[in-house]
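Please read these notes with the model open beside you. They take up a cavity and then some charged pairs.

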Amino acid sequence: MKLGVLATHPIQYHAPLYRALARELDLHVYFAQRQTAQGQADAGFGVAFEWDVDLLDGYPHTFLENRAGRPSTDTFGGSDTPQIADAIRAGRFDAFLVTGWNNRSFWQAMTACWRIGTPLLVRGDSQLVTPRSWAKRIVKEVAYRAFIPRFDGYLVVGERARAYYLHYGADPARMHFVPHFVDNDFFRSGAEAADDGRPLRAELGYGADAQILLFVGKFIPKKRPVDVVRAAAALRERGGNAHVLLVGAGELEGALRAEADRAGVPTHFAGFKNQTELPAYYAAADALVLPSDGGETWGLVVNEAMACRTPAAVSNAVGCAPDLIDEGATGATYSIEGGVAALADALERLLPLAGEPATRRALDQKMETYSLDQAVRGTIEAVRAVSRPSR
């Protein structure tokens with residue numbers, strides 16, 4: 001079977017799937033543009049960098065000519081690749097997958113598939129709880145119900161994505177479970193090689209009774225990293241020994257430093273860490289904390305932490321909450337409307353679970369479902385379901 005894929009740019013979370021699919025299918029991946037080191041900084045990471053894992057090895061791929069005046073992965077007009085239509089026509093694919101519809105390149109591919117008759121698949125992680133104005137909701141009700149039912153198949157990453165497709169008229173019979181995942185083996189082996197974070201804890205000066213609350217990500221408003229510091233302060237007021245470990249960079253770093261000083265919370269700013277460095281930090285923590293608002297459509301750092309056998313506390317607005325968080329087993333969820341107090345309560349429930357054998361087993365079992373193997377199986381199932389014998 002032949003599968004074509006269009007993505008905006010190489011993404012560290014997608015490369016393992018492409019490599020695995022290339023061993024099972026006749027795969028070709030098209031990218032609308034290359035992401036630069038400065039582009040990573042501009043996207044919110046706060047520092048210019050290149051990923052330290054290979055994102056292009058192991059699968060056929062082509063970089064399309066991006067004719068956008070201002071290339072960007074974050075704007076609708078930032079990707080403009082009309083040649084994708086000719087590529088789809090020449091490729092005679094059994095199915096073609098777009099990883100969204102939020103830029104011009106995706107629409108160029110979608111309209112080409114509809115015109116040519118190539119079965120069209122979509123995989124995204126939009127959720128209904130993302131904050132939107134009433135005007136935008138009304139426009140989407142009309143526009144999205146016009147095109148979302150036209151997809152031949154939906155690669156569903158989780159429960160909220162399923163609900164999103166259903167809301168806009170998608171046929172549930174055309175949905176296939178292709179979960180959001182990370183390279184579980186990479187993170188687990190990295191954590192084990194780091195001796196489950198014990199040397200890093202010692203290096204950072206944490207005592208045996210320290211409760212390490214880890215935040216990994218961009219220091220930007222939607223991720224609410226200041227809430228982690230404030231929750232740690234609340235735990236310390238309740239008699240706990242919470243410390244905050246921040247991995248990342250971004251516009252809120254100054255606010256974070258000021259809040260840590262004001263609240264008297266021991267806080268370590270580790271800076272940006274690349275993929276090979278992350279497992280030691282996840283393993284060193286007692287809990288990952290992700291207090292994001294509804295703009296966090298999934299939260300793959302939760303997958304990363306769980307692959308390293310570290311439980312997570314997440315707000316109920318985080319997209320992965322209903323899929324990855326089993327209360328009292330793999331983590332804790334709290335109501336974002338409850339604010340810092342609700343987060344502190346969730347952490348009080350969660351921290352006694354850290355490092356327990358039952359918790360580690362529960363996390364391993366969860367990652368068996370949210371895995372590369374399941375994503376490959378679901379994708380192949382979807383391609384088979386839409387393939388037309390005459391093609």
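1. The lining of the largest cavity has five nonpolar residues, two polar and one charged. Here Ala, Val, Leu, Ile, Met, Phe, Trp, Tyr, Cys and Pro count as nonpolar, Asp, Glu, Lys and Arg as charged, and the others, Gly among them, as polar. The lining residues are V5, H14, L17, Y18, L21, L97, T99 and R123. A cavity is a set of points on a 1 Å grid over the protein atoms alone where a 1.4 Å probe fits but cannot get out; lining residues have an atom within 4 Å of a point.

2. This is a predicted model: local features need pLDDT of at least 70, side-chain atom pairs count only at pLDDT 80 or more, and totals for chains, interfaces and linings use all residues. Residues are numbered from 1 along each chain as its sequence is written, and side-chain values use heavy atoms, with hydrogens and water left out.

3. How many salt bridges are there? The count is 19. Each one is a side-chain nitrogen of Lys or Arg within 4 Å of a carboxyl oxygen of Asp or Glu.

4. R201 pairs with D286 in a salt bridge, with the closest N and O atoms 3.3 Å apart. The partners are 85 residues apart in the chain. R201 is buried, at 15% relative accessibility. D286 is buried too, at 17%. Buried means under 20% relative accessible area, exposed over 50%, and partly exposed in between (1.4 Å probe, protein chains only).

5. D345 and R238 form a salt bridge at 2.8 Å, N to O. D345 is partly exposed at 35%, and R238 is partly exposed at 38%.

Conventions
1 Å grid on protein atoms, 1.4 Å probe; cavity = no way out; pocket = protein on both sides within 12 Å on 5 of 7 lines; lining within 4 Å. Helix = DSSP H or I, 4+ residues; strand = E, 2+ residues; numbered from the N terminus.
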